[in-house]
Amino acid sequence: FKVTFLNEKGIEVSSKKESYFFQPVIGGIWKFPITVSKKLLEATKNDVKWWEFSLIFEVSVSNGSLISKIERSSYCSAVQIAIEGTTTKETALQNNFRDIFLSKQHSDVQLRVDNEVFLAHKTILAARSPVFSAMFGQDMSENESGIVDIVDVDGKTLHLFLEYMYTDSVSEIEYDTAKVLFLVADKYQVGSLKEKCSSILVSSLSEKNVCDIIGIADMVNEELLIKSAINFIKAEASRILSSQDWLDWIKEHNNLASEVLCEISLHFVPSSKGVGD
């Protein structure tokens with residue numbers, strides 16, 4: 001059994017491994033070593049960057065007769081854990097910028113998607129995104145006209161994107177929205193939003209969407225998300241690799257599927273050592 005503790009950026013902070021031989025005794029209890037102590041969580045509860053973290057659980061089960069064969073494995077995708085008694089509150093500055101976002105006062109640029117127009121402020125967009133900064137700092141048509149056409153995004157997603165640009169927070173979003181918002185954040189180089197969406201996608205991994213997620217991650221070379229998706233496939237290989245979803249997916253993604261299968265095959269290579277070695 002292995003549990004890995006990740007910080008809000010998805011970076012491993014600590015991990016512990018433990019093995020346990022289950023005796024046929026009623027009432028036996030397996031006590032796993034603590035990865036992160038309650039004392040540590042209490043000490044960091046006033047630090048915003050610790051208000052969100054992830055835990056990844058990896059479990060391997062063997063019948064005990066073979067040391068080189070895994071009888072069964074399971075994967076639990078990362079989940080966000082809230083520290084008991086801690087609530088995320090916006091700062092006064094965030095509240096002020098939210099008011100600016102909602103009131104649209106003194107706006108000087110229009111973001112246009114389909115038939116909708118969103119009013120915004122160049123200074124804020126430029127401060128949050130290197131792409132907008134370059135756009136408004138040069139003699140581009142968008143800078144002269146004050147209108148920026150946003151493609152491949154619907155109005156709902158653009159609203160959430162702008163909400164994050166102004167407040168550094170975003171309303172609760174579901175899997176489908178997170179996929180699109182993830183790509184928007186990558187396009188406009190808003191790294192913190194991209195990381196937040198990546199965390200949501202990891203926590204949403206399932207047999208039905210893992211191929212979709214690994215394809216999206218590959219599009220923007222998001223290594224942590226790719227690794228999480230591959231680990232999920234490893235754990236559920238017997239079901240995923242025989243599913244119709246997987247068979248349909250590899251027809252359109254031959255090269256990527258080959259890379260995934262190569263990575264997965266390393267996971268199942270049997271040990272060359274015998275029991276007596």
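Predicted model: local features only at pLDDT ≥ 70, side-chain atom pairs only at ≥ 80, totals over all residues.
Residues are numbered from 1 along each chain as its sequence is written, and side-chain values use heavy atoms, with hydrogens and water left out.

**View 1. The whole chain, before we zoom in.** The protein chain has 13 helices and seven strands. Those are DSSP runs numbered from the N terminus: helices are H or I with at least four residues, strands are E with at least two. Of the chain's 277 residues, 36% count as buried. Buried means under 20% relative accessible area, exposed means over 50%, and partly exposed is in between (1.4 Å probe, protein chains only). Look at contacts between residues at least 6 apart in sequence, and 57% of them join residues at least 24 apart; contact means heavy atoms within 4.5 Å.

**View 2. A three-stranded open sheet.** The strand order is β6-β5-β7, and the pairing is mixed. At the edges sit β6 (116-120) and β7 (147-149), each pairing on one side only. Two strands pair if DSSP finds at least two bridges between them. On average, neighbouring strands here are turned by 25 degrees against each other, direction ignored. Helix α6 lies across β5 and β6, running at about 5 degrees to β6. For these angles, axes are lines fitted to C-alpha atoms (for helices, over the stretch in contact), and angles run from 0 to 180 degrees between N-to-C directions.

View 3. Strand β5 (residues 109-113) runs antiparallel to β6, and five bridges join the two. Strands of a sheet pair through backbone hydrogen bonds, either parallel or antiparallel. Valine 113 stands opposite glutamate 116. Two residues lie between the strands, and aspartate 114 in the turn has a positive phi of about 55 degrees.

View 4. Leucine 119 lies in strand β6. Is leucine 119 buried or partly exposed? At 33% relative accessibility, it counts as partly exposed. Leaving aside neighbours within four places in sequence, leucine 119 is in contact with Lys104, Ser107, Val109 and Gln110. Phenylalanine 101 is 18 residues away from leucine 119 in sequence and 8.5 Å away in space, C-alpha to C-alpha.

**View 5. Histidine 106 in its loop.** Histidine 106 lies in the loop between α2 (92-103) and β5. Its phi is near 65 degrees, a positive value in a residue other than glycine. Histidine 106 is exposed, with a relative accessible area of 72%.

View 6. Zoom in on leucine 125: leaving aside neighbours within four places in sequence, its contacts are Val109, Leu111, Ala120, Phe132, Phe136, Leu162 and Met165.

**View 7. Helix α7 and its packing partners.** Helix α7 (residues 175-187) has 13 residues and reaches 19 Å from its first C-alpha to its last, close to the 18 Å expected. That expected span is 1.5 Å times one less than the number of residues. Its buried residues, among them Tyr175, Leu181 and Phe182, pack against α6 (155-167), α8 (191-203), α9 (210-219) and α10 (223-235). Over in α6, threonine 157 counts as buried at 3% relative accessibility. Leaving aside neighbours within four places in sequence, threonine 157 is in contact with Thr177, Val180, Leu181 and Val184.

View 8. Seven of the 10 residues of α9 are buried, so the helix is largely enclosed by the rest of the structure. Those buried residues include Val210, Cys211 and Gly215. In the loop between α9 and α10 you'll find asparagine 221, with a positive phi near 55 degrees. Asparagine 221 is exposed, with a relative accessible area of 53%.
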